[in-house]
Amino acid sequence: MNVVLALIFGFIAVFFIFRGIDPREFFEYFRLKSLFHVALLCGIFLFSILIDSVRMKWLYFFVWRRKLSLYHSFFNNYMSFVFSMLTPFYFGGQVFQTYHLSRIGFESENSVNVILSRFVEYLISVAILSILGLWKYKNMLLTGGLIAPKLILLAYLVSVSFIGIVITALVHPPIIAHLFNNFKKVRWVDKVVKKITKKEDWDTRFLNWTHDLKESVHVLWKSGFMLLDFPLTILSLLVQSFAFYMAVRLNSGNLSFFDTTGLLYFLSLVVFYIPTPGASGGVEAVYQIVFSKILHSSEKTLASVITWRLATYYLPILLGLIFLAAYRYPKEVGK
């Protein structure tokens with residue numbers, strides 16, 4: 001259902017964008033060979049997921065001496081992308097990753113630690129890269145007559161503030177339990193949680209679990225592995241931005257790689273708040289508006305945006321659903 005919604009919102013956005021486009025000029029850029037470009041850029045995008053999968057495999061081995069096969073690691077990271085893209089505000093990916101790792105036999109506190117730590121790395125890396133775009137195009141983004149500059153700045157600042165909240169939760173996990181346990185005072189919430197967990201003392205158990213999580217966080221960050229993992233996070237993000245850069249270059253767009261990267265990740269922190277599956281529709285519209293101002297060609301920009309979205313969103317989701325249907329959990333822990 002969410003796939004259908006994503007397609008609908010995406011097509012609606014493209015339909016409205018097309019109203020100001022010269023079809024003849026657009027199809028000079030988006031031609032039959034563009035489908036080959038989609039496949040090529042999709043391969044580049046999948047390579048970034050492979051990097052993330054190797055990172056996870058190494059992390060479990062070097063920190064906890066646990067063996068995670070590259071196949072299961074790739075499935076975990078790929079499905080994180082798929083579920084993030086199919087849920088509003090991108091919240092589904094991390095939830096599925098934690099569930100999957102627990103299902104194949106890894107301790108839940110370690111799994112949450114890994115996912116949360118990697119999420120923090122991702123957010124910090126995106127924030128750093130986004131500064132490249134904000135610094136270069138601050139006049140256009142924040143003071144020009146683009147699209148509600150103050151709203152863009154507010155969304156960006158909220159996203160950056162959210163990073164601070166996640167870091168706080170990582171540094172002191174029990175704070176999550178103390179905040180969450182306030183819901184126990186709400187009778188209907190307490191009743192629902194008791195029914196789901198089948199535990200009367202779910203608040204105490206959750207608090208104890210966060211203390212285990214805190215110990216796991218201490219082990220992970222004390223190991224020093226995250227110092228190696230952080231540059232690999234940056235590398236993965238640069239590979240993803242390279243796919244967008246290539247989509248622009250293939251359509252004769254004259255924009256440097258780092259300018260493209262900075263704008264890509266600045267806007268990613270803004271479109272995060274569009275409440276559609278994977279921000280579908282909103283991404284196409286916002287990127288079209290911003291990059292057409294820079295490339296000085298609506299037709300060229302639309303060809304680039306469509307090529308990029310097909311390669312890094314719609315096609316990977318389709319492949320991911322096939323992967324999900326074909327995937328089998330290990331028999332020894334999959335029951």
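**View 1. Ser125 in helix 6.** Ser125 is buried, at a relative accessible area of 0%, where buried means under 20%, exposed over 50% and partly exposed in between (1.4 Å probe, protein chains only). The residue belongs to helix 6 (residues 108-143); helices (H or I, at least four residues) and strands (E, at least two) are DSSP runs, numbered from the N terminus. This is a predicted model, in which local features need pLDDT of at least 70 and side-chain atom pairs count only at pLDDT 80 or more, while totals for chains, interfaces and linings use all residues. Residues are numbered from 1 along each chain as its sequence is written, and side-chain values use heavy atoms, with hydrogens and water left out. The Ser125 side chain reaches the backbone oxygen of Glu121 at 2.7 Å. Beyond its neighbours within four places in sequence, Ser125 is in contact (heavy atoms within 4.5 Å) with Phe230, Thr233, Ile234 and Leu237.

View 2. The structure holds 29 aromatic pairs, defined as rings of Phe, Tyr and Trp (its six-membered ring) with centres within 6.5 Å; planes under 30 degrees apart count as stacked, over 60 as edge-to-face and the rest as tilted. The ring centres of Tyr78 and Phe81 are 6.3 Å apart and their planes stand at 80°, so this pair is edge-to-face. Both residues lie in helix 4 (residues 70-85), three residues apart, or about one turn of the helix. Tyr78 counts as buried at 4% relative accessibility, and Phe81 is buried at 12%.

**View 3. Tyr287 and Trp308 between helices 13 and 14.** Tyr287 and Trp308 form a tilted aromatic pair, 5.1 Å centre to centre with 35° between the planes. Tyr287 lies in helix 13 (residues 282-295) and Trp308 in helix 14 (residues 298-326), so the pair ties together parts that are 21 residues apart in sequence. Tyr287 counts as buried at 2% relative accessibility, as does Trp308 at 9%. Not counting residues up to four places away in sequence, Tyr287 touches several residues, among them Phe244, Leu264, Leu267 and Val305.

**View 4. The largest nonpolar core.** A nonpolar core is a set of buried Ala, Val, Leu, Ile, Met, Phe, Trp, Tyr and Cys residues joined through side-chain atoms within 4.5 Å. The largest one has 42 residues, of which Phe266, Tyr287 and Val290 touch the most other members. Elements giving two or more residues to this core include helix 3 (33-64), helix 7 (149-171) and helix 11 (225-250). Helix 12 gives the most, with nine residues. A second, separate core of 30 residues includes Val63, Met85, Ile104 and Tyr327.

**View 5. Helix 5 and the residue that follows.** Helix 5 (residues 92-103) has twelve residues and reaches 16 Å from its first C-alpha to its last, close to the 16 Å expected at 1.5 Å a residue; the expected span is 1.5 Å times one less than the number of residues. Its buried residues include Phe96, Gln97, His100 and Leu101. Helix 5 is followed by Gly105, whose phi is positive, near 105°.

Key:
Polar contact = N/O pair within 3.5 Å; in protein donor to acceptor, adjacent residues only side chain to side chain.
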